[in-house]
Amino acid sequence: MTITAQMLHEAFKVAAPDAQAKDWPLISDQSKEQYERMATYLNDQSEETNCSEREYVSEVLRTCVATDFHERLLLGALGLAGEAGEVVDILKKSRFQGHALEPARIKDELGDVLWYLALLCHTLGLTFEEVRAENVAKMHRRYPDGFEVERSVNR
Ligand SMILES: [Mg+2]
């Protein structure tokens, strides 16, 4: 089954009735584009060539040196910050030190970010899917018609 942008919006309305989301024809083009990107992502996930979240977490655990809850939490948080810093460093060197901006290098570091994010999620008993869904719900509560400076400043 192919997931559509409208299906995701309807699911959001069911999952977060307090957000009082508008009906599909009334939401902004920007919101529709966001749903389109989510639908594309989810549909891509179902292709056989992609690694499922379960497979990915198994691979993370296979290569993780920390074994107990607190060690994994600490490793995840430190690693996430460190790898995010590596992404920042690539951008800094590109902007200020004359290095070429190489998307493949950023992709590699984003993979490292993902490894630590997966470790943190697994350690806390969370899935990427529920983290994403809760984040989408938060964005819709905060910015029902797309980003607005006023809502950002006065929240
Ligand atoms: Mg790295």
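Start by selecting glycine 98: this residue comes after helix α4, and its phi is positive, near 75°. Helices here (H or I, at least four residues) and strands (E, at least two) are DSSP runs, numbered from the N terminus.

Before you go on, a quick word on what you're looking at. This is a predicted model, where local features need pLDDT of at least 70, side-chain atom pairs count only at pLDDT 80 or more, and totals for chains, interfaces and linings use all residues. Residues are numbered from 1 along each chain as its sequence is written.

Which residues of α4 are buried? Pick out Arg72, Gly76 and Glu83. "Buried" means that 20 or more other C-beta atoms lie within 10 Å of a residue's own, while "exposed" means 12 or fewer and "partly exposed" is in between, with C-beta atoms placed from the backbone. Color 103-123 as well: that's α5, and the buried residues of α4 pack against it.

Next, show α1 (5-15) and α2 (29-45). They pack at an angle of about 105°, with their axes 8 Å apart. Axes are lines fitted to C-alpha atoms, for helices over the stretch in contact, and angles run from 0 to 180 degrees between N-to-C directions. So α1 and α2 are roughly perpendicular to each other, a label that covers 65 to 115 degrees (under 35 is roughly parallel, over 145 roughly antiparallel, and the rest oblique).

To see who makes the contact, select Ala5, Leu8 and His9 on α1, then Lys32, Tyr35, Glu36, Met38 and Ala39 on α2. Two residues are in contact if their C-beta atoms, placed from the backbone, lie within 7 Å.

Now find glutamine 20, in the loop between α1 and α2. Is glutamine 20 buried or exposed? It's exposed, with 10 other C-beta atoms within 10 Å. Its phi is near 50°, a positive value in a residue other than glycine. Most residues other than glycine have a negative phi.

The C-alpha trace spans about 45 × 40 × 35 Å along its principal axes, and buried residues make up 10% of the 155 residues.
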